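My notes follow in the order I took them.

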Amino acid sequence: MIHPSYTDLMAVVNSDVEPGEQPVVQSRYSIVLATAKRARQIIAGDAPLVEKAESRKPLSVAVEELYQSKVKIVGDEEEELA
């Protein structure tokens with residue numbers, strides 16, 4: 001079993017959304033894509049943003065970073081503006 005759950009991760013990611021706005025993450029698929037992308041960045045050499053990451057797999061580190069709000073998922077529109 002994965003901890004935290006998809007619903008917990010979605011709640012954390014969407015916690016900054018104002019009432020009436022479109023949530024950043026609307027499906028588990030978005031969570032999977034974001035964590036996979038971050039895990040690939042860690043494998044490529046990016047420094048982990050959480051403690052005790054050396055003994056854990058990159059995907060577990062990516063999930064923990066997302067859960068602790070160390071990384072942020074941005075929508076396609078925001079990515080184009082950056």
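Does Asn14 count as buried or exposed? I checked this in what is a predicted model. Asn14 has 18% relative accessibility. The cut-off for buried is under 20%, so Asn14 counts as buried.

I then placed Asn14 in the chain: the residue sits in the loop between α1 and α2, the latter being residues 28-43. Leaving aside residues up to four places away in sequence, I found Asn14 touching Pro23, Val24 and Val25.

Next entry: the helix pair. I looked up how α1 (residues 6-13) meets α3 (residues 58-67), and the two pack at an angle of about 45°, their axes 9 Å apart. That angle makes α1 oblique to α3. From α1, I listed Asp8, Leu9, Val12 and Val13 in the contact, and from α3, Val63, Leu66 and Tyr67. Sorted by class, this contact of α1 with α3 has six nonpolar residues, one charged and no polar.

Last entry: Glu65. I located Glu65 in helix α3.

Not counting residues up to four places away in sequence, Glu65 touches Arg38, Ile42, Pro48, Leu49, Val50, Lys70 and Val71.

Note on methods. Residues numbered from 1 in each chain as written. Predicted model: local features only at pLDDT ≥ 70, side-chain atom pairs only at ≥ 80, totals over all residues. Heavy atoms only, no water. Axes fitted to C-alpha atoms, helices over the stretch in contact; angles between N-to-C directions. Helix = DSSP H or I, 4+ residues; strand = E, 2+ residues; numbered from the N terminus. Parallel < 35°, antiparallel > 145°, perpendicular 65-115°, else oblique. Contact = heavy atoms within 4.5 Å. Nonpolar A, V, L, I, M, F, W, Y, C, P; charged D, E, K, R; others polar. Buried < 20%, exposed > 50% of the residue type's maximum accessible area, 1.4 Å probe, protein only.
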